[in-house]
Amino acid sequence: MITRIVKLTFAPKHIESFIDLYHQVNININNMQGCQSVKLMKDSKYDNIMFTISKWDSEADLNNYRNTDFFTATWKQTKSLFCAKPEAWTLYEL
């Protein structure tokens, strides 16, 4: 199992737009092959910094999701709301 953490920094005027988008697509992400869960979390200090934390059966499952038309369309919408480059980490449980 892997955990994928993605740090997303939004322009303050786009925070609500992203939260709305997340709630629209969350069920589809959770239903992807190999996805165990996905959560949206907000930084404790900065309201415009958020993290998605998802758990996947394998890195192959994550990559299969990232190669879908659904991901491409969702990521395109999300990228337009950023004010800084996203950061991502893939972690393996020990």
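Predicted model: local features only at pLDDT ≥ 70, side-chain atom pairs only at ≥ 80, totals over all residues.
A pocket is an open set of points on a 1 Å grid over the protein atoms alone, where a 1.4 Å probe fits, with protein on both sides within 12 Å along at least five of seven lines; lining residues have an atom within 4 Å of a point. Of the 22 lining residues, V6, T52, Y65, F71 and W75 are the closest to the pocket centre. α1 provides the largest share of the lining.

| Feature of the largest pocket | Value |
|---|---|
| Lining residues | 22 residues |
| Lining residues from α1 | five residues |

Helices (H or I, at least four residues) and strands (E, at least two) are DSSP runs.

The largest nonpolar core has 20 residues, among which L8, F10, F18, I29, W56 and Y65 touch the most other members. Such a core is a set of buried Ala, Val, Leu, Ile, Met, Phe, Trp, Tyr and Cys residues joined through side-chain atoms within 4.5 Å. α1 gives the most to this core, with six residues.

K39 lies in strand β2 (residues 35-42). At 51% relative accessibility, K39 counts as exposed; buried means under 20%, exposed over 50% and partly exposed in between (1.4 Å probe, protein chains only).

Residues are numbered from 1 along each chain as its sequence is written. Local features need pLDDT of at least 70, side-chain atom pairs count only at pLDDT 80 or more, and totals for chains, interfaces and linings use all residues, while side-chain values use heavy atoms, with hydrogens and water left out.
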